Amino acid sequence: ITFEAHRAHGSGFVYAPELVMTNAHVVAGVTNPVVTIHNQKRSAKVVLFDPRLDIAVLSVKGLTTKHLKFADEPRKSDQAAIIGYPDNGPLTASSARVRSVMTIKSPNIFQEGEYDREVISIRGQVLPGNSGGPLVSPKGEVFGMVFAASATDESTGYALTAAQVTVAAGSGFHSRKPVSTGKCL
């Protein structure tokens, strides 16, 4: 699933009926997000926006696309794939390997405060547009959600763990009211 917001683009994945997860930074400041699924543009509404953890959930009425399941925590050296729409291009799956699972402290998407995030460090290239896409296991289950590339090593990327995003996934499942996405980045 790909998103259009202002001039920014990102990826996402269906995790429950009519619900898509992506990064909060993908939809920050967006009032009318558009989701493209199977080359079809659909209106969506943001029903969960967590700028601290960089998680957003969108409701897409009538979406029947099969949802992905969350995986158990990966181990060091596990194989994975980065799935998304890099550079606003076609759907791409690129290979990755888990380096480690760790807790880091980082600011929210607006560069304020300091928050703990449980992340997967991966050896693999994360490109602009991969944000919000899933990091999948060889079984096709979601290890985590891609959110960043290393600023100093192009072969290193980061994903929020499935355990980290499942609380938001549950909250999004029970919410259907649109929420504010804050200011543009």
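Reader: Which residue in β11 is the bridge partner of Ser106?
Author: The bridge partner of Ser106 in β11 is Tyr115. This is a predicted model, in which local features need pLDDT of at least 70 and side-chain atom pairs count only at pLDDT 80 or more, while totals for chains, interfaces and linings use all residues. Residues are numbered from 1 along each chain as its sequence is written, and side-chain values use heavy atoms, with hydrogens and water left out.

Reader: And over how many bridges do β10 and β11 pair?
Author: Strand β10, residues 92-106, and strand β11, residues 115-123, pair in the antiparallel sense over nine bridges. Strands here are DSSP runs of E with at least two residues, helices are runs of H or I with at least four, and both are numbered from the N terminus; two strands pair if DSSP finds at least two bridges between them.

Reader: What do the six strands close into, and in what order?
Author: They close into a barrel, in the order β9-β10-β11-β14-β13-β12, with antiparallel pairing. From one strand to the next the twist averages 50 degrees, where axes are lines fitted to C-alpha atoms (for helices over the stretch in contact) and angles run from 0 to 180 degrees between N-to-C directions.

Reader: Which strands does α2 lie across?
Author: Helix α2, residues 162-173, lies across β11, β13 and β14, and runs at about 45 degrees to β14. The buried residues of α2 are Ala162, Gln164, Val165, Ala168, Ala169 and Gly172, buried meaning under 20% relative accessible area, exposed over 50% and partly exposed in between, with a 1.4 Å probe and protein chains only. Seen down the axis of α2, these buried residues fall within an arc of 140 degrees, so they line one face of the helix; the arc is that of the directions from the helix axis to the C-beta atoms.

Reader: Which residues are exposed on the other side of α2?
Author: Ala163 and Val167 are exposed there.

Reader: Back to β11: is Val119 buried or exposed, and what is it in contact with?
Author: Val119, which lies in strand β11, is buried, with a relative accessible area of 0%. Leaving aside neighbours within four places in sequence, Val119 is in contact (heavy atoms within 4.5 Å) with Ser100, Val101, Met102, Ile104, Phe147, Ala159, Leu160 and Thr161.

Reader: Where do Phe13 and Phe70 sit in the chain?
Author: Phe13 is in strand β3 and Phe70 in the loop between β8 and β9, so that the pair links distant parts of the chain, 57 residues apart. Phe13 is buried at 3% relative accessible area, whereas Phe70 counts as partly exposed at 26%. Tyr15 and Phe70 also form a pair, a tilted one, 6.3 Å centre to centre with 45 degrees between the planes, and ring pairs link Phe13, Tyr15 and Phe70 into a cluster.

Reader: Which strands form the open sheet?
Author: The open sheet has four strands in the order β3-β4-β8-β7, with antiparallel pairing. Strands β3 and β7 stand at the edges, each with a single partner strand, so one side of each is left without a neighbour in the sheet.

Technical notes:
Phe/Tyr/Trp six-rings, centres within 6.5 Å; stacked < 30°, edge-to-face > 60°.
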